[in-house]
Amino acid sequence: MRSTRAVDISTGSFVLLGFAALFFLATQITNRELSVGGNSYDVEAQFENIGSLKVGAAVSMAGVTVGRVESIAYDQELYKAVVHMRINSLFDRLPKDSDASIMTAGLLGGQYVGITAGGSEDYLKSGDRIEFVQDALILEVLINQLVANLGGSKDEPASKDDQSSTTEAGK
Amino acid sequence: MSLVGELTDGLRGFVTAVGSVTVFLGRILGQTPRAFARPGLIIDQIYNAGALSLIIIMICGLFVGLVLALQSYQLLERFGSEDALGTGAALALLKELGPVVTALLFAGRAGTALASEIGLMRATDQLTAMEMMAVDPIRRVVTPRFIGGVVAMPLLAMIFIAIGIFGAAFEGVQLLSVDSASFWSQMRSAVDVKDVMEGLIKGCVFGAACSLIAVYEGFNAIPTAEGVGRATTRTVVISAVLTLILDYMLTAVMLATRS
């Protein structure tokens, strides 16, 4: 066998290389580098339908990730999905009348919560609820509406073309 | 001899082998705390199993990544979703290809070395000599080699995966002109730390299985030149089959416990 020193050096570099690879995989390949650190606040929103939104999905404003979806629950009283979001404290000036909608990133991408700023002077604080929400667009519902619009008779009430069904959640 | 009789004998032989491997593992684990009293022996074995396998692991990782990107691109191009190349390559490498291919290479490179080394010690009566000097060969010879393999294998798998991802990125971005930003960003948004942990756990389990088979076969080799050769062959064959069976079972368990 080679001298002990050479063995130690190559073993050491092998072990270091292994841990460097593990560190690279755990930090550079995964989406956790955007995880919301210590300073953050929670807001919630209630949706009629969240589509395939998952815990950990991005919360973004103007395309910039400002937070993550912390938890998703179902409220039996309201028959609605309650989405808790953790927003980084750097972005502490979200107007109270902001609008949260569930969007899809690209054709094959996952869903995320997009926040559009409102005009209010009051800002959202921890524990507040975003009142104006827009549900996820379900492909089947869209197609149904399209088919109904194309094939339906004209004397039917025109409630269907109101696709963006903006609802006020906090009644 | 009747067919039923042969089957019964084969089954009995299999059950006996499983039992004696388990007992052997118990003896190794019993000696493990004391083996750490001499870390030099373990470092030597990490060198043997890990550092000496590094070059072959890196070359194979690079080419697996290259060919993975090439093949996935042909498939994804049909659906116009070449941007998903990074996601596909990273998940395939992390979850399956990385740990499994590394384990097969590890069995071929390090497992055979372990089995033939211990087998030759048996054939040249070195193990018996140790016993006569009241040195437990399990503690002195087998346990450090087992620990070295268990430590080295997951690290090798991580290196393999990292190099493979770089290979896939090179092939995809440089040669097939997939957009570099969407390659990496789609990969980042789709891969979770859990996926990395899955690869790491698989690496540890395969490392333990392959090392155990190698030291068991070497330790119980028939003390002749032919016996050592047979033990080496059996090490590779059993390790490869066991790795693939364990991979299926681990994947099933991980998918079931995931959500």
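This is a predicted model: local features need pLDDT of at least 70, side-chain atom pairs count only at pLDDT 80 or more; totals for chains, interfaces and linings use all residues.

Biologist: What makes strand β1 of chain A and strand β4 of chain A a pair?

Modeller: Pairing requires at least two bridges. Strand β1 (residues 40-47) and strand β4 (residues 80-88) of chain A are joined by eight bridges and run antiparallel, so they pair. Y41(A), for instance, stands opposite I87(A) in β4(A).

Biologist: How do you know that β1(A) also pairs with strand β7 of chain A?

Modeller: Two bridges link β1(A) to β7 (residues 129-130), in the parallel sense. In β7(A), I130(A) is the bridge partner of A45(A).

Biologist: Why is helix α2 of chain A said to lie largely in the open?

Modeller: A residue is buried if 20 or more other C-beta atoms lie within 10 Å of its own. Of the 13 residues of α2(A), zero are buried, so the helix lies largely in the open. This helix (residues 139-151) reaches 18 Å from its first C-alpha to its last, close to the expected 18 Å.

Biologist: Which residues of α3(B) are called buried?

Modeller: They are I57(B), G61(B), V64(B), G65(B), L68(B), A69(B) and S72(B). Their cover includes α4 and α6 of chain B.

Biologist: How do you know that the span of α3(B) is close to the expected one?

Modeller: Helix α3 (residues 54-78) of chain B has 25 residues and reaches 37 Å from its first C-alpha to its last, against 36 Å expected at 1.5 Å a residue. After α3(B) comes G80(B), with a positive phi near 65°.

Biologist: At what angle do α4(B) and α6(B) cross, and how close do their axes come?

Modeller: The axes come within 7 Å and cross at roughly 145°. The crossing is right-handed. The residues of this contact comprise 22 nonpolar, six polar and one charged.

Biologist: How many residues does each chain bring to the contact between chain A and chain B?

Modeller: Chain B brings 24 residues and chain A brings 19. On the chain B side, α2, α6, α7 and α8 each supply at least two residues, and α6(B) gives the most, with seven. By class, that side has 18 nonpolar, three polar and three charged residues.

Key
Residues are numbered from 1 along each chain as its sequence is written. Chains are lettered from A and ligands numbered from 1 in the order in which they are written. Helices (H or I, at least four residues) and strands (E, at least two) are DSSP runs, numbered from the N terminus. Two residues are in contact if their C-beta atoms, placed from the backbone, lie within 7 Å. Ala, Val, Leu, Ile, Met, Phe, Trp, Tyr, Cys and Pro count as nonpolar, Asp, Glu, Lys and Arg as charged, and the others, Gly among them, as polar. Axes are lines fitted to C-alpha atoms, for helices over the stretch in contact, and angles run from 0 to 180 degrees between N-to-C directions. A crossing is left-handed if the near helix is turned anticlockwise from the far one by less than a right angle, and right-handed if clockwise. The expected span of a helix is 1.5 Å times one less than its number of residues. A residue is buried if 20 or more other C-beta atoms lie within 10 Å of its own, exposed if 12 or fewer, and partly exposed in between; C-beta atoms are placed from the backbone.
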